[in-house]
Amino acid sequence: MVSVRSVSITPSSLTPSDLRWIIEHREDRCTLCGNCTAICPKGAIRLAHMRQRVPALDVFNKKRGNDYRTFTGIRQETDAAKLCIGCGMCAMVCPNEAITPIPGTNENRTLFFENRKGEPMKRGGRRNATGPTLLDRIVFHRISMLTDPALDAGRHEFTTTTTLGRILSPEEFLERTVSGGWIPPTREIFPFVIGSMSFGALSPNMWLGLLQGVAYCNEVLGLPVVMCTGEGGCPPWILRSQYLKYIVLQIASGYFGWDEIIRAIPEMQCYPAAIEIKYGQGAKPGDGGLLMWHKVSKLIARLRGVPEGVDLPSPPVHQTLYSIEESVMKMLQTLSMAFNHQVPVYPKISASTSAKSVLNNLVRNPYAAGLMIDGIDGGTGAAYNVSMDATGHPIASCVRDCYLELAKYGKQNEVPIFAAGGIGKNGNVAQNGMAMIMLGASGVHIGKYMMQAAAGCLGNEKNRCNVCNLGICPKGITSQNPKLYRRLDPDKVAERVAEVFMSINTEVKKIMAPLGRSQSLPIGMSDAIGIADQAAADRLHIQYIC
Amino acid sequence: MCRLALKTAREPFSPYEVLTAMEAMKEGYDGSGLGLLLRGMEFEDFKYNPRFPILSGIAHTEKAWHRMTDYMEEMEYELKYDHRFAMRPELIEAQDRFRYFMRAYRMPVEFRDESDDLREAELLRARLALRKLSTEEDPLTIFSFYPDVAMIKEVGWPMQIGDALCLHDGQLKSRVCMAQGRQNTNYGINLYACHPFFIQGISTMTNGENTAFVPIRDWLLGKKFAGYTGYQSDSEVFTHILHYALKQLKLPLQAYKHIITPLSNKELANHPQGDFLTGLRQVCKRLIIDGPNAVIGTLPDETSLLVMDQKKLRPAMVGGRDGVWGIASEMCGIQAMIPDRDASLDFQPMREHTVIIPPHRKELEIWSQYDRFPLPLAA
C-alpha cells in the first residue's frame, strides 16, 4: 500500500469529479492534433503522457503477467486557477468530436476554494439563476376579438418607436411654444437599446461591430436603434463622426473617457443620442465599475487616460457629490448645459426599493430626461460573485411600482422609464421587452442578449464561461488581446445586429397586432398581460390567468 | 358592431327621424340598446330658454326620484319645466324604471351672472354629485346636465324604445340628434356604458373598440379633473379627449384629430407646422387611439364632427344639403334621414379627414390633417 505521505494532497486538492465542469475525452477518437489544448482559455486541459497496463499472457507457459505502454492523452487540471469553465471551445475546434466539457453532477466543491489569497471570487457574466424568469411567464392575453378585422402585422403600418427624453405636459408645452421657452430635447428611438457595455469591457472588434450594426439599422433598415457606451468613453474618431447620434454616452463615477469627450464637444458634427449618468448597476448594486488590469491595454489606457495594466475600479459613488439628490440635480444640469440643453440626460440606477424616491426627485427636476432602472438579472464585465448572485432587486416589480407612482400624478408620459436586467436572458427578447413595456417601461436595454445573439457569447446561467473579467474571452468579445479579438469579425457582428433588430421589430408587431395596437407602443397597457401566478399578478396589478 | 346616426338641421325635428335611420341599418348591429342625445331643444308645451340647464336621466325607484328632486331643491335649483313622456312601459324590457326625466332648471342665484366657465363647473359638479346619490337598492342614472342638451339611454331595440317613449308624438324636437344602437356589450350591461358620452356640453359616440383604453384612461385619471371619471365603456375616453383638447388645452377642433391619430414622422416632416405637431404628438402620446373607430361628436355651438381612426378600419359617411346634414355608419342610414339630397355628393372621410358641419349648416368643411393647422401660435 502506498503511504499517504508519498501522495501530494493539500486542503484544496480536488479530483475532476469535484469540479463544476468535467472534460470528457475519448482517446479512441483523439488524433493528438493539439487544437483543444491550444484554444482552451484557462489551460484547463493539457496533453499528458500516461502509462497504461496491458495484460501479458504467456499461454503456453500458463503464466499471467503485466506489460506497460505509455500514451499521450488529455488530462484535466484540478488546480483551482485552471478550472474548466465549460466554454466548450475544445469541442468547437476538435476535428473528431473527441472532447467536450459536461456539467459536473456531483456537488461543486470548487466553490469552497474560490477565495485563494483571501480574495473572493470575481467574475463576469450574470447572476446564474436558471429557469424561466417572471417576464418569460407573462402572456399577452387581451386579444382583440370583438372587432374585426384585427390588425395585420405583415401589412399594416406600425409605430414601434418610443421617446427618450423629458416630455412636457401638454399645458406646459403649449405655454412654452407661445412664450418661446425651452422645450427639452427628445429622441424617437427603437425601444430595444443596446445596453451600456464599455469600450474596454468589450473588445474593439465587438464594440465597433455593434456600432456598425446600429448604423446599418438606422441608415438602411430605418430602425432608430441606439447603443450605450458604458463607462469608458468612445474612440475619438467616433466622437467627431455622424455616428455619434446613435450613441448614448455614459458617465460614471470614474469619469473614464470624459477627457476625450469634453475635448471633442466643439468638434462634434452631431450630438449624441443621450447622456446616461450611472449611479448604480443591477448586477452589482452599490459597486462601481471594474475593469481588471488584464484588459487595460495600450488602446484602452489611451482612451481612458490611465496607465496601462492597472485595475480600474470606479468608486461606488460620485465622489464630488454628497447625496443622490445633489448628484441628480448638479450632474443633470451640468451635463445638459455642456451639450447646450440639446441632449437628453438621464440617470441609471440599480433597481431598489428606494427607486421610487429617486424617481420623485427626477419628476421635480426639469433636466431629467428619464430614468433607467437596472435589475438584478443584469450582466457585468467584472464583479464580485456575491454582489452578482445575492445583491439587487428584480426589475419587473420595481418598474411597475415606479410607473404606477407616475400614473398617480399623471406624469407617466413625462418621465420615461427604461428597464434593464435579464431582458431576453432565456432568448425571449421581444416577449420580455414587450412585457416590460406593458408593465410601464418606455423601452428596455439589452446587453447580454446582444453578446449572445450578435457575437455568440458562450455564457449561460449555469456559470458557463463568465470570464469576461479576465480578458481571455474565447470568442474575442470581451478581450483586449488582439490574438483573441481577431477571432471576431466586426462585419459578421454587424450583420447579426441587423438580423436581431429586424427580427425583434417583427416580433414586436406580432405581439401588438392581436392586441389591436399599432399607432403607439402599448406602454402601460397592463390589461393586455396576465400571468398564471396569483402572487405575481397581485404584486404587479395584472390579471391572474389559468 | 355599433351603428351610429346623427342628424343636424336648422329647423328642429323629431328624434324619431334618426331612429328610422337606426332601423334602416338594423342588419348591422344587435339592437341591444339606444343612446340618444338631443341638442338645440324645442318642447311642444314649453317655451324653453336655452340658458336653462336640462337634467336628463332615469330614476329607477320612487325613492331615487325623491332623492334627486330633494337634492336639486336643496342646491336651490329652480325647476322650470318637467317633461313628461307619454309612456308605453310594456315596450321597455327593463323592469326598474320609475321615471325617465328631462327637467329644465334655473341655476341658483349665485351662478346666474357668473362666467360660463364657472357655470359649467357647477353643472359638472352637480351632475357628478347626483350620480353619487345612486344606491344599489335605489339606483339613479344621470346622463347629462347642461343647457340645451337632453339625453336618453335604454336597453332594447332603438325603434321599440322610441315607441315606448312616444318620441314620434312631436312633443320633443331638437336641431341636433345623435343616436347609437347598442348597449355596451364589451363589459357588463350598464346604462352609463352606452354611447353617446357627455361632458360639459361635449359629446361623442363611437363604433368599434378602443384597444388603447387602459393607458388612455390611466392618463386622464392622472389629470385629476373631476369629470374624467366613469369609464364604464372604453369609448368614453374619446369624449374626454375631445373635452381635454378643446376646454383644457383650448386648441381648435382640428387638433382633436392630430391628438388621437397623429401623422407619422415622414408625414410630419413635410407638414407646414411639422415641428409643432411633432411636439403635440409627443406631449399627447398617451391619448393616441388605435381604433378601429369612427368618432362622431357634437359641440355646444351645434357643430358636428366625424373622424376616423388612423387606418380607417370603420365605415362612416356624411351627406345632406343646405340646412340639413346627416352622418351615419351606412349610406342607408343617411338615406332614411335625408332622402331628398344629392346622394352623389355624399362623402366618406378617409383617415386624414375631419368632417365638420358648422352651426350654420350651409355646407360641410372637410379638413385634412395635411392642411395647415389653424393655430396662430404654431405658425
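Glu302(B) is buried, with a relative accessible area of 9%, where buried stands for under 20% relative accessible area, exposed for over 50% and partly exposed for what lies in between, with a 1.4 Å probe and protein chains only. Its phi is near 75°, a positive value in a residue other than glycine. Glu302(B) is found in the loop between β11 (293-298) and β12 (304-308) of chain B; helices (H or I, at least four residues) and strands (E, at least two) are DSSP runs, numbered from the N terminus.

The model is a predicted one, in which local features need pLDDT of at least 70 and side-chain atom pairs count only at pLDDT 80 or more, while totals for chains, interfaces and linings use all residues. Residues are numbered from 1 along each chain as its sequence is written, chains are lettered from A and ligands numbered from 1 in the order in which they are written, and side-chain values use heavy atoms, with hydrogens and water left out.

A related case occurs in chain A, where Asn466(A) has a positive phi of about 50° although it is not a glycine. This residue lies in the loop between α14 (448-455) and α15 (482-485) of chain A, and at 4% relative accessibility Asn466(A) counts as buried. Another backbone feature belongs to chain B: the peptide bond that leads from His195(B) to Pro196(B) is cis, with omega near -5°, and Pro196(B) has its place in the loop between β8 (172-180) and β9 (197-199) of that chain.

Chain B as a whole contains eleven helices and 16 strands. Its radius of gyration is 20 Å, close to the 21 Å that the globule rule gives for 379 residues, so chain B is as compact as a globular protein of that length; the radius is taken over C-alpha atoms, and the rule is 2.2 Å times the number of residues to the power 0.38. The C-alpha trace spans about 60 × 45 × 40 Å along its principal axes. Of the 379 residues of chain B, 66% count as buried, and among contacts (heavy atoms within 4.5 Å) with a separation of 6 or more, 75% come from residues 24 or more positions apart. The accessible surface of chain B comes to about 13400 Å², with 50% of it belonging to carbon and sulfur atoms; such areas come from the Shrake-Rupley method with a 1.4 Å probe, and for residues only the protein chains shown count as cover.

Within chain B, helix α10 (residues 274-283) has eight of its ten residues buried, so this helix is largely enclosed by the rest of the structure. Among the buried residues of α10(B) are Phe276(B), Leu277(B), Leu280(B) and Arg281(B). What covers the buried residues of α10(B) includes elements of both chains: β7 (162-164), α4 (170-179) and β8 (187-189) of chain A, together with α6 (213-222), α8 (255-260) and α9 (265-269) of chain B.

In chain A, strand β15 (residues 345-350) has six of its six residues buried, so it too is largely enclosed by the rest of the structure. Both faces of β15(A) are covered, with Val345(A), Pro347(A) and Ile349(A) buried on one side and Tyr346(A), Lys348(A) and Ser350(A) buried on the other. Strand β12 (residues 274-278) of chain A pairs with β15(A) in the parallel sense over four bridges, two strands being paired if DSSP finds at least two bridges between them. Three bridges join β15(A) to the parallel strand β16 (residues 371-374) of chain A. Lys348(A) stands opposite Lys278(A) and also opposite Met372(A) in β16(A). Together with helix α10 (residues 355-363) of chain A, β15(A) and β16(A) make a right-handed β-α-β unit, right-handed in that, with the strands pointing away from the viewer, the path from the first strand over the helix to the second runs clockwise.

Finally, what is the count of disulfides over all chains? With a disulfide taken as a pair of cysteine sulfur atoms within 2.5 Å, the count comes to zero. The sulfur of Cys94(A) is 6.1 Å from the closest cysteine sulfur, in Cys33(A), too far for a bond, and the sulfur of Cys177(B) is 13 Å from its closest, in Cys194(B), again too far. Cys177(B) is buried, with a relative accessible area of 0%.
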